[in-house]
Each structure stands twice: as structure tokens, then as C-alpha cells.
Amino acid sequence: MPIALFEFREALGVGYFGYVGPDSGSRDETPEEPQLEGAILFGMQRLPPGRAELRSIPGWELHEIPDEQPKLAERFGYTYSRLELRTPDGEIYSRTWVPHDPGWTAAALRLGYVVCLCGVELGIRAPYAMTEAQHTPSMREESFRRGCALGLNIGGLVTYVGNEAASGGG
């Protein structure tokens, strides 16, 4: 199943690259993140700790737009796709660039939807002063679990819109 991850670099109510909790660790002291709370109002669901049954989020769309950079393709043999997660009113909620993966795109087209996860701690980025190589899979999982426990991760099944013919606009 195709998955798109949108981890915020800087969260308005939380800080840069993740949440640093208070010493007491009380959930009541966790600041609300306006980007997440707004998405929840539009139908996204907060990811609980443990297993979640994600539901379809009406009106949300994930657009995949080719981001052609011929020099990269010539030199390194790859191109990028711009993924834009859009709210039901058509506004861009979040965007990211990923290496283009024809298999991922084919699966998204076949299914018609993508699992979209957004949040402050999805486990994608290594903490400050740590290299990606040092950021182990277990550390990534722990970060994701912590984000869910604190209510800082959301998700849902979002309609996939392939924009193969588009070039740069969205």
C-alpha cells in the first residue's frame, strides 16, 4: 500500500524537529499543534498509540507532480516527484519532494488512494546533531510511537491524484 509521510520541520506549537516534553511527562502539558488541530477539523484522525484503523478522509487529495530536473536525471539517473497534500478546500496543507518511484505511483493509481501520515514525530528525521546513519530503525519507531502517544501524529486514507501531465504547477 502506498504511503506518504509529511513530518514537519518546524511545528508552530511544538518547536524545531520534534517535541521536547516537560519533565513531568504529563499529556496535559503537551502543547496543541495548530497545523494538526486544523487538519483534524477537516477530517484527519489523530493516530493513537498502537494499531490504528485508518479511514477515508473525504475531500483530501494527494497530488503527485513530476519535478523534472534533467541535469539530475542525466548525472544521477533519477528524478523527483513533488507530493502535495491538499485540504478539502483545495489548499496545500503540506508538500514534500521524493525520488520518483514508478512502482509507488502505479500502486497509488491502481488503489486510488494513499495512506497519508502527518506529524511532528514520525521518525523520519534524525534528531539534532545525529547523522541519518546513527538514527537506527528502533529509534525511528520510538519517535513515531512517542508522537502518537502525545497526540502529535495524524493520518488517513487520501484520494490520489496523479498529475503526470503537469509540469511544475499545481
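This note sets out numbered points on the fold, core, strand pairing and aromatic contacts of a predicted model.

1. Overall architecture. The protein chain contains four helices and nine strands. Taken in sequence order, these elements follow the pattern β-β-β-α-β-β-α-β-β-α-β-α-β. Of the 170 residues of the protein chain, 38% count as buried. Among contacts between residues at least 6 apart in sequence, 66% join residues at least 24 apart.

2. The largest nonpolar core. This core has 23 residues, and Leu62, Leu85 and Tyr93 are those with the most contacts inside it. Two or more residues come from each of strand S1 (3–7), helix H1 (34–41), strand S5 (56–67), strand S6 (80–86), helix H3 (102–111), strand S8 (113–119) and strand S9 (153–162). Apart from this core lies another, of six residues, including Leu117, Leu122, Cys148 and Leu157. As general background, nonpolar side chains in soluble globular proteins tend to be buried together.

3. Surroundings of Leu62. With neighbours within four places in sequence left aside, the contacts of Leu62 include Ala4, Phe6, Leu83, Leu85, Trp104, Val114, Cys116, Val158 and Tyr160. Glu84 and Thr159 are also among the residues in contact with Leu62.

4. Strand S8 and its partners. Six of the seven residues of S8 are buried, which leaves this strand mostly covered. S8 pairs with S1 in the parallel sense over five bridges, and Ile3 stands opposite Val115 in S8. The pairing of S8 with S9 is antiparallel and is made through seven bridges; here Val114 stands opposite Val158 in S9.

5. Aromatic pairs. The count comes to four aromatic pairs. One of them joins Trp60 and Tyr93 in an edge-to-face arrangement, at 5.4 Å centre to centre and with 80° between the planes. Because Trp60 lies in strand S5 and Tyr93 in strand S7, the pair ties together parts that are 33 residues apart in sequence. Both Trp60 and Tyr93 are buried. A further edge-to-face pair is formed by Trp104 and Tyr160, with 5.9 Å centre to centre and 80° between the planes. Trp104 belongs to helix H3 and Tyr160 to strand S9, so this pair links parts that are 56 residues apart in sequence. Trp104 has 16% relative accessibility and therefore counts as buried; Tyr160, at 7%, likewise counts as buried.

6. Gln45. This residue lies in strand S4 (residues 45–46). Is Gln45 buried or exposed? Its relative accessibility is 10%, so Gln45 counts as buried, the cut-off for that class being under 20%. Not counting residues up to four places away in sequence, Gln45 touches Glu53, Leu54, Arg55, Asn153, Ile154 and Gly155.

7. Pro99. The position of Pro99 is in strand S7 (residues 92–99). Which residues does Pro99 touch, not counting residues up to four places away in sequence? They are Thr79 and Tyr80. Pro99 and Thr79 are 20 residues apart along the chain, and their C-alpha atoms are separated by 5.9 Å.

Conventions: Residues numbered from 1 in each chain as written. Predicted model: local features only at pLDDT ≥ 70, side-chain atom pairs only at ≥ 80, totals over all residues. Heavy atoms only, no water. Core = buried A, V, L, I, M, F, W, Y, C linked by side-chain atoms within 4.5 Å. Buried < 20%, exposed > 50% of the residue type's maximum accessible area, 1.4 Å probe, protein only. Contact = heavy atoms within 4.5 Å. Pairing = 2+ DSSP bridges. Phe/Tyr/Trp six-rings, centres within 6.5 Å; stacked < 30°, edge-to-face > 60°.
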